[in-house]
Amino acid sequence: MGPRWKGNSSEAKSRSKAKAYAQPMSKMVLQLQSSLIGSGSRGLLCGSSVLVEVKEEQANLLESVCFGVRLMENKHWFQLCMEEAFYLCHSLKCLQIVDDKCSKNDNQLWKCMESRKASFPYLYEAYSHLRMKNWVVRSGVKYGVDFVAYRHHPALVHSEYAVIVLSEEHSDGNKRLTEWLDIHCTTRLCGGVAKTLLVLYISRNGHSVDSPSSVERFTVEERTVIRWKPEQCRDDDRLVESENGTKLEQLGTNIFSCCTHSTGSEPLDIDDSEHILNDDELSLNTMAEDGRDEEVAEKLTIMHEECLDEEYTNDYDEEEEEENHCASRATSKMQPRRSSVSKAHWDDEMGMAVVFPKGRIWRTMGISRNGKLYISIEEVLYLVEIGALLLLDGSDTSISLEDIYTKVSDGKNKFLLEEFRAYRQLRYLGYIVARHGIPWSRKGVKTNCESVSSQVCPEAEEIRSVNGLFNGIQINEVRAAFDIYLPNSKFKKSSPGDPNFVLCFTRGHPPSKPDLEALERQFGSIALKFCHVEEDCVSFYSFDKVELHVVSCHLQNF
């Protein structure tokens with residue numbers, strides 16, 4: 001994401017960009033440093049601020065590089081926050097600071113500022129970390145955060161990050177983002193002002209905070225906290241597929257029309273479908289230039305079989321908008337016909353149901369063991385809700401939806417209603433959702449994800465132990481619950497590959513930094529998403545580790 005240049009027109013934005021390129025921040029900071037050193041500037045420590053009087057040239061430079069605020073118009077007195085003042089004094093060595101008429105050295109000033117604000121060592125480390133990367137750092141108090149960060153002068157660009165500084169080692173420090181309500185409020189506010197929430201975790205690595213030299217041994221970890229919108233992620237992925245497969249889509253439309261109007265009673269086989277793709281009578285030879293005709297043929301064969309059996313109808317209105325934040329408002333796009341309703345027998349001891357499948361939905365649901373298809377409690381509830389499953393007990397008596405909800409709420413199946421709400425919402429959106437760590441089948445189990453392969457044990461052949469695996473990976477208060485795959489018409493249980501995401505749940509609080517690091521080590525390159533369910537609201541978040549780049553003088557590269 002590039003900078004958002006200010007201006008009411010493209011021409012005005014171009015002027016802002018040109019000005020930023022002509023006056024890079026790093027160059028102007030050097031000019032300010034040289035000017036302040038040459039004049040021997042001194043600042044007065046006053047409460048939690050530093051007041052400094054400068055010459056007109058230096059006043060212009062201070063405003064250009066965004067240090068402090070001018071106290072009065074046409075006056076050359078500036079007020080610096082403690083982080084700004086110490087950065088000029090310690091890092092740039094261009095400002096002397098006086099307290100009680102005595103000049104303070106770096107160590108004395110550090111202790112004085114720490115005594116006035118306990119969080120100063122951590123805030124200063126965060127401030128200097130961003131400044132050293134040539135980011136402009138300003139107070140974030142009006143946004144409810146510690147700082148806001150700009151690529152260049154605030155007159156030219158909008159700020160990109162709202163910054164919160166945290167430290168696990170500072171017991172009396174910032175308690176922000178330790179409750180889900182705070183996560184919701186902060187990310188909503190940041191989204192409303194087009195900023196990304198950036199959390200800087202400061203680690204002392206066992207060192208004290210007694211002197212500025214100790215800060216050099218601190219480390220800073222950067223993470224963005226972003227509300228993940230599964231509907232947007234799905235649509236973005238489909239857009240890419242659409243751009244890469246326009247020919248394929250048109251080809252499929254024509255062939256599907258041919259198949260659905262077929263008068264034959266027998267379904268087409270794969271060879272017949274491939275032959276149709278190259279049939280001159282359909283004038284579609286040029287549509288198969290990408291060599292994907294076999295792939296299309298397989299998909300069309302399935303569709304043709306279902307049309308002959310009348311197993312589904314597509315009642316989706318393309319103009320209908322979805323509200324995906326609250327799962328209770330989501331609606332299923334696929335309405336199965338009565339002839340496609342499957343039956344399943346529930347086994348209380350196993351905590352799963354044995355299903356007798358009908359229809360295409362089973363291509364992405366259920367696990368295969370010993371020639372049978374088993375479905376978990378969340379799959380049962382979802383399918384019964386949409387009318388695609390009839391659940392029976394041992395005496396072939398239908399089990400009501402109320403009884404199924406009771407099975408979910410009693411906790412015997414190690415599954416919570418909150419987790420089902422997340423499952424249902426993702427399924428409604430077309431995602432492929434599986435219990436984490438449980439292979440779809442015993443054939444072709446192959447994955448690069450250690451967490452998945454580590455769950456496969458010799459006892460997994462028995463379905464009872466398979467159900468027990470749902471406890472999955474648990475790191476302290478965080479549990480990996482579901483493997484999530486993007487909507488994919490070519491998905492195969494025999495070779496699913498690594499999931500696109502692993503969905504995790506926490507016990508009451510957002511994940512801590514140690515929890516995040518432990519999960520990331522376990523899952524490697526697989527992305528992690530975290531879910532919080534409160535009343536009718538299902539929210540998904542990512543806590544991704546990032547690394548801010550150093551803002552370059554060559555702004556045209558952004």
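Student: Why is Glu221 called buried?

Tutor: In this predicted model, Glu221 has a relative accessible area of 12%, and since the term buried applies under 20%, Glu221 counts as buried.

Student: What makes the pairing of Glu221 with Arg223 a salt bridge, and how is Arg223 itself classed, buried or exposed?

Tutor: A side-chain nitrogen of Lys or Arg must lie within 4 Å of a carboxyl oxygen of Asp or Glu, and the N to O distance between the side chains of Glu221 and Arg223 is 2.7 Å, so the pair meets that condition. Arg223, at 1% relative accessibility, is buried, because the limit for that term is under 20%.

Student: What makes the contact between Glu221 and Lys545 a salt bridge, at 3.7 Å?

Tutor: The value of 3.7 Å, taken from N to O between the side chains of Glu221 and Lys545, is to be set against the limit of within 4 Å, so this pair also qualifies as a salt bridge. The two partners come from distant parts of the chain, with Glu221 in strand β11 (residues 219-228) and Lys545 in strand β24 (residues 537-546), 324 residues apart. Through shared partners, salt bridges join Glu221, Arg223, Glu520 and Lys545 into one network. The whole structure holds 16 salt bridges.

Student: How do you know that Glu11 and Arg15 are about one helical turn apart, and how are these two residues classed, buried or exposed?

Tutor: Glu11 and Arg15 both belong to helix α1 and are four residues apart, which means a separation of about one helical turn. Their side chains meet in a salt bridge at 3.3 Å, N to O. As exposed stands for over 50%, Glu11 with a relative accessible area of 54% is exposed, and Arg15 with 51% is exposed as well.

Student: What makes helix α4 largely enclosed by the rest of the structure?

Tutor: Nine of the ten residues of α4 (residues 82-91) are buried, and therefore the helix is described as largely enclosed. Among these buried residues are Met82, Phe86, Tyr87 and Leu88, together with Glu83 and Glu84. After α4 comes Lys93, which has a positive phi near 50 degrees.

Student: How do you know that the length of helix α15 agrees with what its residues should span?

Tutor: The expected span is 1.5 Å times one less than the number of residues, which for the twelve residues of α15 (residues 417-428) gives 16 Å; the C-alpha atoms at its ends are 16 Å apart, so the two values agree. Ten of the twelve residues of α15 are buried, including Phe420, Tyr423, Leu426 and Tyr428, and also Arg421, Arg424 and Arg427. Just after α15, Gly430 has a positive phi of about 95 degrees.

Student: What makes Arg435 buried, and which side chain does Arg435 meet in a polar contact?

Tutor: Arg435, found in strand β19 (residues 432-435), has 8% relative accessibility and therefore counts as buried. The side chains of Arg435 and Glu378 are joined at 2.9 Å, and because the limit for a polar contact is within 3.5 Å, the value of 2.9 Å falls inside that limit.

Student: Why does Ile375 count as buried, and which residues is Ile375 in contact with?

Tutor: Ile375, in strand β17 (residues 372-375), has 0% relative accessibility, so Ile375 counts as buried. With neighbours within four places in sequence left aside, the contacts of Ile375 include Ala344, Met352, Val355, Trp362 and Leu389. Of these, Met352 is 23 residues away in sequence, while the two C-alpha atoms are 5.7 Å apart in space.

Conventions:
Residues numbered from 1 in each chain as written. Predicted model: local features only at pLDDT ≥ 70, side-chain atom pairs only at ≥ 80, totals over all residues. Heavy atoms only, no water. Buried < 20%, exposed > 50% of the residue type's maximum accessible area, 1.4 Å probe, protein only. Helix = DSSP H or I, 4+ residues; strand = E, 2+ residues; numbered from the N terminus. Polar contact = N/O pair within 3.5 Å; in protein donor to acceptor, adjacent residues only side chain to side chain. Contact = heavy atoms within 4.5 Å.
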